[in-house]
Amino acid sequence: NEATRKLVVKALQAVRQSDHPDVSQVGIEILAALPPAEAALVTDIAVGWLNRDSGPLRSQAPLDLIKRLTGAGESESALSLGREVLRLRNNNGRLASHFDHSMYEHHLPDITVWLTEACGIQALQLFIDLLRDAQTITGNNYSHYSNQSIAEHSYPPSDIFEALLIAVRQA
């Protein structure tokens, strides 16, 4: 009921600064179970937890939350969470993310569809930004001519850069 959900949100707000991985994991799972309109109001809590945690995702909940937010038209919250879930980090000149090896490429196609349908041009800008981040982090100049049509894409992508290139094409 609504009163119980308000108490749950209040409890999540009380532990929002926690760095304990169990708190963030369960907290995001709880957010993903809330009605999307209510979760959208406190998505910043999930973004904060993910931002402080440089390890891989420990559950499907952040992805479920993005999907539920986009499906309910909560595009601003979905885009904010999507930006953090897909954020790339520099690990000694190599790309690192919130995903285990090859899982970024695995989940990006679904996230691309969800965010593009709900957020339009803002999703495209996110994928362009991520592609630029990938280039900056690795120091590689990936700009080249492709003989593929921009509408063409091949799955599965072989790496994060290729996955992002396909995401830009799709968005």
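Is Gly27 buried or exposed, and at what relative accessibility? At 2% relative accessibility, Gly27 is buried (under 20% relative accessible area, with exposed over 50% and partly exposed in between; 1.4 Å probe, protein chains only).

The views below show a predicted model, in which local features need pLDDT of at least 70, side-chain atom pairs count only at pLDDT 80 or more, and totals for chains, interfaces and linings use all residues. Residues are numbered from 1 along each chain as its sequence is written, and side-chain values use heavy atoms, with hydrogens and water left out.

**View A. Gly27 in helix α2.** Gly27 lies in helix α2 (helices are DSSP runs of H or I with at least four residues, strands are runs of E with at least two, and both are numbered from the N terminus). Leaving out residues up to four places away in sequence, Gly27 touches Leu12 and Trp49 (contact means heavy atoms within 4.5 Å). Gly27 and Gly139 are separated by 112 residues in sequence and by 36 Å in space, C-alpha to C-alpha.

**View B. The largest cavity.** The structure holds one cavity of 30 Å³ or more. A cavity is a set of points on a 1 Å grid over the protein atoms alone where a 1.4 Å probe fits but cannot get out; a pocket is an open set with protein on both sides within 12 Å along at least five of seven lines; lining residues have an atom within 4 Å of a point. The largest cavity has a volume of about 130 Å³ (the space filled by probe spheres set on the points, with grid points joined across faces, edges and corners). Its lining has 13 residues, of which Ser24, Ile28, Leu50, Asp53 and Arg58 are the closest to the centre. Helices α2 (21–33) and α4 (43–52) each supply at least two lining residues, and α2 gives the most, with three. By class, the lining of this cavity has six nonpolar, five polar and two charged residues (Ala, Val, Leu, Ile, Met, Phe, Trp, Tyr, Cys and Pro count as nonpolar, Asp, Glu, Lys and Arg as charged, and the others, Gly among them, as polar).

**View C. The largest pocket.** The volume of the largest pocket is about 410 Å³. Of its 16 lining residues, Arg94, Leu95, Ala96, His101 and Ile160 are the closest to the centre. At least two lining residues come from each of β2 (94–96), α7 and α9 (160–170); β2 gives the most, with three. Seven nonpolar, five polar and four charged residues make up the lining of this pocket.

**View D. His107 and the aromatic pair.** His107 is in helix α7 (residues 103–119) and is buried, with a relative accessible area of 14%. Not counting residues up to four places away in sequence, His107 touches Gln60, Leu63 and Phe99. The count of aromatic pairs is one (rings of Phe, Tyr and Trp, the last by its six-membered ring, pair if their centres lie within 6.5 Å; planes under 30 degrees apart count as stacked, over 60 as edge-to-face and the rest as tilted). Phe99 and Tyr104 form this edge-to-face pair, at 5.7 Å centre to centre and 90° between the planes. Phe99 is buried at 10% relative accessible area, and Tyr104 is buried at 1%.

**View E. The largest nonpolar core.** This core has 45 residues, and those with the most contacts inside it are Leu81, Val85, Leu86, Tyr104, Leu115, Phe127 and Leu164 (a nonpolar core is a set of buried Ala, Val, Leu, Ile, Met, Phe, Trp, Tyr and Cys residues joined through side-chain atoms within 4.5 Å). Helix α8 (residues 121–138) provides the largest share of this core, seven residues. Beyond its neighbours within four places in sequence, Leu115 is in contact with residues including Ile66, Thr70, Ala78, Ala123 and Phe127.
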